[in-house]
Amino acid sequence: MTASAAPKASTGANSGLMKSKNTKPEEIRKSNIQAAKALSDAVRTSLGPRGMDKMIQDAKGEVTITNDGATILNQMNVVHPAAMMLVELSKAQDIEAGDGTTSVVVLAGSLLEAADKLLQKGIHPTTISDSFQKAANKSVEILTNMAIPLDLNDRESLLKSANTSLNSKVVSQNSTELSPIAVDAVLKIVDPEMENNVNLKDIKVVKKLGGTVDDTELIEGLVLEQRASNINGPKRIEKAKIGFIQFQVSPPKTDMDNQVVVSDYAAMDRVLKEERAYILNIVKQIKKAGCNVLLIQKSILRDALSDLAVHFFDKMKIMVVKDIEREDVEFLCKTLGCRPIASLDHFTAENMVAAETVEEVQTGTSKCVKITGIAHQGKTSSILMRGSNKLMLDEAHRSLHD
């Protein structure tokens, strides 16, 4: 009795082991599909003109209000690997097309739901994958045949496309102001040779609090977030000669962290005299080159501009803008058509660029510097973005980017 029961028990154990081996891939597939569907359902409600905005609070307690799919998914701390693929998909869409970031995630979620039903019917995953690939190729073919070629000279069609994209955003009521700005900014930088691709780094958006979104404007020239560093110096200069330097106008520091102890007044006086002579020499050479607007790159080693230097620049009637960010250097050089000057020896008249006016303007609660009438302006655009509060300003910036 016992002898005959033993083989049966072992067969049962083997079949149980085989069953668990077969069910594991199914469970993993199910888990992946469920995670992707959950993510797709989370953003589904923000799709279209009737879509609702999402309010997201991050770990630091900062709140973001948006209905831009890429931003929502970026703010969500997704851990599941399959769901992370959807986040990457949304990012890729944002880079490639700018719009449709929510649509691609919703579409992927629906396709996975369809795949789940096919899996339950016992169809092999590879067969489903191959079929999807064939369907995708056919879809591209159909869409290409449906598509209407767009002429860049047809501004009306471009405005309609921009309006459609803005319709589902918070700033949809401002689409009449934002659409022409977006279209004109892109048309200004587009290269006829490569009209399928536009480098969005050539469009600089400066965000300033105060006013409303209606006050947003496209600047014929360049806008700098920084304000003029002068205290009693000029705030507006016409027929400007602009120089852009990467060295500091402040007393030099030792290479190592040293301390200099000054014991008597005579030595102290000598130190101050040396410092004064050193800075005055730099300022005089800048003035000699004919420069009346000086842009200084931000320095991490020491102050880019000392108080004494500001005093001398004020006396010489030279407008100074300091702390130009390192990532803005390339854009600034391309717009002005200049190159950064790394040492005082190279600060000559031929390295200057001319502009009609450089002025510091009040924008809401803060100030910024506007450069217009640049002699040899590169293919770049500058947009001064305004908003009544930070949340609105950020969302308007995202909408304009899309």
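Modeller: Helices and strands are DSSP runs, numbered from the N terminus. This is a predicted model, and the protein has eleven helices and eleven strands.

Colleague: Where is D345 found in relation to these elements?

Modeller: D345 is in the loop between α10 (329–336) and β9 (353–363).

Colleague: Is D345 buried or exposed?

Modeller: A residue is exposed when its relative accessible area is over 50%, and buried when that area is under 20%. D345 has 66% relative accessibility, so it counts as exposed. For the protein as a whole, 38% of the 402 residues count as buried.

Colleague: How far apart are D345 and Q285 in sequence and in space?

Modeller: They are separated by 60 residues in sequence, while their C-alpha atoms lie 9.0 Å apart. Across the protein, among contacts with a separation of 6 or more, 76% join residues 24 or more positions apart.

Colleague: At what angle do helices α8 and α9 pack?

Modeller: Helix α8 (residues 265–288) packs against helix α9 (residues 307–315) at about 40°, and their axes are 10 Å apart. Angles under 35 degrees count as roughly parallel, and those from 65 to 115 as roughly perpendicular; α8 is therefore oblique to α9. Their crossing is right-handed.

Colleague: Which residues meet in this packing of α8 and α9?

Modeller: From α8 come E275, R276, I279, L280, V283 and I286; from α9 come L308, A309, F312 and F313. By class, this contact has eight nonpolar residues, two charged and no polar ones.

How values were computed: Residues are numbered from 1 along each chain as its sequence is written. This is a predicted model: local features need pLDDT of at least 70, side-chain atom pairs count only at pLDDT 80 or more; totals for chains, interfaces and linings use all residues. Side-chain values use heavy atoms; hydrogens and water are left out. Helices (H or I, at least four residues) and strands (E, at least two) are DSSP runs, numbered from the N terminus. Buried means under 20% relative accessible area, exposed over 50%, partly exposed in between (1.4 Å probe, protein chains only). Axes are lines fitted to C-alpha atoms, for helices over the stretch in contact, and angles run from 0 to 180 degrees between N-to-C directions. Angles under 35 degrees count as roughly parallel, over 145 as roughly antiparallel, 65 to 115 as roughly perpendicular and the rest as oblique. A crossing is left-handed if the near helix is turned anticlockwise from the far one by less than a right angle, and right-handed if clockwise. Contact means heavy atoms within 4.5 Å. Ala, Val, Leu, Ile, Met, Phe, Trp, Tyr, Cys and Pro count as nonpolar, Asp, Glu, Lys and Arg as charged, and the others, Gly among them, as polar.
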